[in-house]
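Welcome! Please have a look at the model below before reading on.

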Amino acid sequence: MKLAARPELDLLCGEYLVGTLRGPARRRFERSLVEEPLVASRLHHWEQTMAFEYPQQFASRPSASTWRRIRQSLALQRLAPPWYQRVAVWRTLAIASSLALLLVVVLPLWRGGQRDDFRALAVMQGKTPDAAVNVALSADGARVRLSAVRPALSGPEHSFELWLIVDARSVPLPVAVLGSLDGELRLPASLAGRIRPGTQFAVSVEPPGGSQQAGPSGPVIAIGTVRG
Amino acid sequence: MLDDAEIRRLLLATAARDPQAFEALYRKTAPLLLAVAQRVLGRRELAEEALHDGFVRIWHAAERYDPLAPKPVAWLVAIVRNRALDMAGSAGVARVVHDSELIELLAEQGQEAGPGGDSLLEAREQQRHLRDCLAGLEAPQRQSLVLAFHHGMSHAELARHLDKPLGTVKSWVRRAMGNLRDCVESCMGESREARRAP
């Protein structure tokens, strides 16, 4: 006889729910739950009507090993999404890409914007055309940029020294001691505002560390006048 | 307080074989389910074992979970508790239950309050009815029911614990369950009528 047809179905549901239905009787009831929809439906009604709640203060944290054992028993690691399907991976990649974009594209553009703020000031000419050095000044007048037509390094025996010649009667004013004729340098505060049309820039070859006297002590290899 | 909607969502994702949702479900519910198992089994290591077995079953059974059932936690509790009861039968578990603990259990029954919402309101109302109806049972019926439900005692264990014949405690438990169900259903019916009344 099917359990669903038996008059004690409700009582058995109650006993099952409360836990006093044990042993073979409990297993028979569980088989009926699978095979007889009416039994499952009746128990479901009991469970929803008699759902005792357990207060949260009963809660007790399980040991970490229990979850590890569950993972192993179910081989959950094999179901973990591959790296390319993990949200965290793509989120990290997106952040890294944005930063890379910033470094590779935006920053140079920003610096390029700064570069555009320089205006050509003079061309210092040497003995040959390829010994020329372009001089540019930043918009705020605080920085000078040199760019040599042909790269020129001073070597260990010498230094280059950049000079500002305000007028023909004055002693050239030292701007900076250089190892190369390419680069950017900060103009000494004392020279700010003294660069006008007609003043000149010059480069001399000096002992390492620069001239030991007021004005160039070695040969001037390039000189140019500030344009109007 | 466990959020029924969140537990339901995680259960449905578990049914779709989402291991991350399953882990989230475990993190949220395992402390409560462990406590349920421990009440039945008395011993921590056995309760952890029941929790392990229970969650393995939950993983396999999630696709049969009824998403319309209003109490998803009850479904989880039933699985872990059933496993604990199975183990209690074979592990020869010995329990010591004090009367003060029973009083505490009865007092706490139905005290949990959750967020608002019509279905939750009804669920809370049902819990209140359950508590009131439990309190309205005759003392031996109530005691045997609580010992069986919360501590997983079998009829034989109840008989020993209460020092009564086996037939007597069987009768108490059956009558207790029948009376309790009738009382709760009657109260819920009255509540629904009252809500429908203008």
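What follows covers a sheet in chain A and then the contact between chains A and B.

## About the model

This is a predicted model, in which local features need pLDDT of at least 70, side-chain atom pairs count only at pLDDT 80 or more, and totals for chains, interfaces and linings use all residues. Residues are numbered from 1 along each chain as its sequence is written, while chains are lettered from A and ligands numbered from 1 in the order in which they are written.

## The sheet in chain A

Chain A holds an open sheet of 4 strands, ordered β5-β4-β7-β8 with antiparallel pairing. Strands here are DSSP E runs of at least two residues, and helices are H or I runs of at least four, numbered from the N terminus; two strands pair if DSSP finds at least two bridges between them. At the edges lie β5 (173-178) and β8 of chain A, each pairing on one side only. On average, neighbouring strands are turned by 20° against each other, direction ignored (axes are lines fitted to C-alpha atoms, for helices over the stretch in contact, and angles run from 0 to 180 degrees between N-to-C directions).

Strands β4 (residues 159-165) and β7 (residues 200-206) of chain A run antiparallel, joined by 7 bridges. Among the bridge partners are A:S159 with A:E206 and A:L164 with A:F201. β7(A) also pairs with β8 (residues 220-225) of chain A, antiparallel over 5 bridges; here A:A202 has A:I223 as its partner.

## Where the chains meet

The contact takes 33 residues from chain A and 47 residues from chain B, with residues in contact if their C-beta atoms, placed from the backbone, lie within 7 Å. The largest share of chain B's side, 9 residues, comes from α2(B).

Technical notes:
Contact = placed C-beta atoms within 7 Å.
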